[in-house]
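Take a moment to turn the model on your screen before reading on. We will walk through it step by step, starting with a single residue.

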Amino acid sequence: MIQTLNIRELIGHSILGTAGFSNRFPAVEIGKCAPLIRTGEDLEGIARCNFLDSNCPVEFNILNRSAIVNALKRVQTAYPSHKDIWLDPTSIITRRPSIGYVPPECLLKSTEKATIALNHTGRIGEKMSELRLDNPDGAFWAKVASEKLLVPYTRELLSCMRIFNGDLLAPTVPIITPKLKTSPKIQGVVNRALASQWPLSSGGRFTTTGILYSLHVDPSALTDVELIKNSLIELSQSLSGDLSFWGIHIHFINISLVSRKAARIKAAKELIRQVSRIGRQHGIFTWISDVGPIGPTLLDEGAAFCSYYTGITPRPIYLEGMNSSDPNIIYGKVMGLWEYDLFDINDIQTRGWSLEDTGLMARGVPHSLRFGKHKDYRVNFGKPRNIAVMERLNIERIKELNKKNIKPGTSHLGRSSDPSIAPWAAT
Amino acid sequence: MSTKKNTRLRFDSLTSQDFLGNITENDSDEKSDEGIILQLVKSHSDGISVRDLADYLEVTPKTILKKLRALEAEREIYSKKISNATYWFPNGRLIHPFLEFFREFRGKPFRFTIQEGRSGPLVQIQERSFSLLYGEKVEGAIFIELGLVDEMIDSLQDLKSRYVEFENKIEVKR
């Protein structure tokens, strides 16, 4: 077993300490919200944030590897002209701790776009995509087993991660769903099967990527007590053996669906509390993936890290049929700091093109971006602003915990009136 | 009479064995040639010739030699002439994963390990490079007996002191 979590202090359920991601780096401070790179544009936004803590880990979408690499190349070309405010491109992913994952929404048949995205990893990904399109949930995994695709697919994912020196992989596993009562058991089986073969060769001889335990839960499963209980049993069983999981990766598929119901919010928090406790008992950290602005309240439940999409609006990655002409959508949303709400471009214009000062970047929207191209606005203001807010909250969190405030994240979310954020403070 | 067994799997009863089957190292679709050659050399601790490798892998000796030289440069293997023939031997085996770590110095990755040597543990320091296009590559490595690490550190300190002295002398001359 690997011990990756070192706790210095427990304050309520919140934890202070460090977590190890690989042999490449010393352990990093826990209790942070970390950026998630879903697409190349997210990487371009992060590139403009030289205030980002150099030890802050990142998470990246393996399926969009090519778009992210292309974005990195663009950033590398432009970097010398912006050295005073941009991050060194090599330090965006490759020289910081990182987790690679496949968005679990791609394993649902909710949108064809998401399922087809599985193609992007290579030959085995294409097969997985084809099987997923042609088969219902349970039959899909039975086919993956009968055609022995699990290990070659995971090798393909590792191969895609190599270019970023990805430290940890959250493997692709069956999602816990009420449609399949044995999904917790089979999720455990898949996690254990992969860990038993680790380290997996990805073709190179220098694979040093570790494996996480993927605990991926459909929002509709959260209120099924039996399903959740069984998923915790599988997790405990998997961690109690000789298998070397570096941490636990939790994903709720689409966090906005959790936010809609108080019962789901309560269940999600309880799940994170229990999973984090189990992880602590086994000396490993818990990472909650793609939860947007509600991350701080989940850190209060014992998670070591939460990742957020830099566009901040809680929504799936692969959407179909989006209205691309509404400026409130195409310019994206920007986070307030103390007024913890999501502001669209009209809101910001009403506020005189300026928001609260984060202390990390300019608070106003530059003139050149106000009525220009929406992508330029997102990449040069919107996304860096969201990262600045989350970084500032990371700093404030430590101060509040040192004052023995046991739920600093929940306190902060209490300032929000946004219907996707406020319920997390109230529940 | 034989009957065809129904082997259709059902989700509810899937096991690890169903997913894994008979996994062996050779199942990797992406195994590099160098990786295969390295494995073969490692499995012949008494040495293996270029001719034997070429016959086994059904490629020309010239191709094998090129790969062997690359592995030799990475200090994964070494060669020795025995009775007019050259044989290839594996370098040390990593003793334990705990005895391996990576460090970056100003963006340059290095791998530090302690490996089994013929006459005791050996420290290997491997220099690597990284590029977006090609990922990580090994540039070279050195081996030092574990018992000589302190002497090596003293030698490096000595070299550093000499450089400081040298720089001071240049300043004085100016």
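**A walk through the structure**

With a relative accessibility of 10%, A:Glu234 counts as buried, because buried means under 20%. Keep in mind that this is a predicted model. To find A:Glu234, look in helix H8 of chain A, which covers residues 225-239. Which residues does A:Glu234 touch, once neighbours within four places in sequence are left aside? They are A:Pro184, A:Lys185, A:Gly188, A:Arg192 and A:Tyr213.

Some of those contacts lead us to our next stop, helix H7 of chain A, which runs over residues 183-196. Is H7(A) mostly covered or mostly open? It is mostly covered, as 12 of its 14 residues are buried. Among them are A:Pro184, A:Gly188 and A:Arg192, three residues that are also in contact with A:Glu234.

Now let us follow the charged side chains. Over all chains, the structure holds 28 salt bridges. One of them joins A:Asp137 to A:Arg132, with the closest N and O atoms 2.9 Å apart. A:Arg132 has a relative accessible area of 1%, so this residue is buried. Another salt bridge brings together the side chains of A:Arg397 and A:Asp300, at 2.8 Å from N to O. This pair links distant parts of the chain, since its members are 97 residues apart. A:Arg397 sits in helix H15 (residues 374-402) of chain A, while A:Asp300 is in the loop between helix H11 (295-299) and strand S11 (305-309) of chain A. Both A:Arg397 and A:Asp300 are buried. Salt bridges can also form a network, as they do among A:Glu41, A:Asp42, A:Arg378 and A:Lys383.

Helix H15 of chain A deserves a look of its own. Its 29 residues should span 42 Å at 1.5 Å a residue; the end C-alpha atoms are 41 Å apart, which agrees. Where does H15(A) have a kink? Find A:Gly382, where a kink of about 30° lies shortly before the proline A:Pro384. After the helix comes A:Lys404, whose phi is positive, near 65°.

Let us move across to chain B. How many helices and strands does chain B have? Its secondary structure comes to five helices and seven strands. If you read along the sequence, the pattern is α-α-β-α-α-β-β-β-β-β-β-α. Chain B has 174 residues, of which 30% count as buried. Its accessible surface comes to about 12,500 Å², and 52% of that belongs to carbon and sulfur atoms. Taking the contacts in chain B with a separation of 6 or more, 30% are between residues 24 or more positions apart.

Chain B has salt bridges to explore too. B:Asp12 and B:Arg10 form one, with their closest N and O atoms 3.6 Å apart. B:Asp12 has 33% relative accessibility and so counts as partly exposed, whereas B:Arg10, at 54%, is exposed.

Is B:Gly92 buried or exposed? With a relative accessible area of 17%, B:Gly92 is buried. Leaving aside neighbours within four places in sequence, B:Gly92 is in contact with B:Gln115 and B:Glu116. Between the C-alpha atoms of B:Gly92 and B:Lys137 there are 19 Å, and 45 residues along the chain separate the two.

Our walk ends at the surface. B:Ile142, B:Met152, B:Leu156 and B:Leu159 form a nonpolar patch there, with about 360 Å² of accessible area together. Helix H5 of chain B, residues 149-173, gives the most to this patch, with three residues. B:Leu159 lies in that helix, and at 56% relative accessibility this leucine counts as exposed.

Definitions and conventions
Residues numbered from 1 in each chain as written. Chains lettered and ligands numbered in written order. Predicted model: local features only at pLDDT ≥ 70, side-chain atom pairs only at ≥ 80, totals over all residues. Heavy atoms only, no water. Patch = residues over 30% accessible without salt bridge, like charges linked within 9 Å, V, L, I, M, F, W, Y side chains within 5 Å. Areas by Shrake-Rupley, 256 points an atom, 1.4 Å probe, with all protein chains shown as cover. Salt bridge = Lys/Arg side-chain N within 4 Å of Asp/Glu carboxyl O. Helix = DSSP H or I, 4+ residues; strand = E, 2+ residues; numbered from the N terminus. Buried < 20%, exposed > 50% of the residue type's maximum accessible area, 1.4 Å probe, protein only. Contact = heavy atoms within 4.5 Å. Expected span 1.5 Å × (residues − 1). Bend = angle between axes of the 7 residues up to and from the residue.
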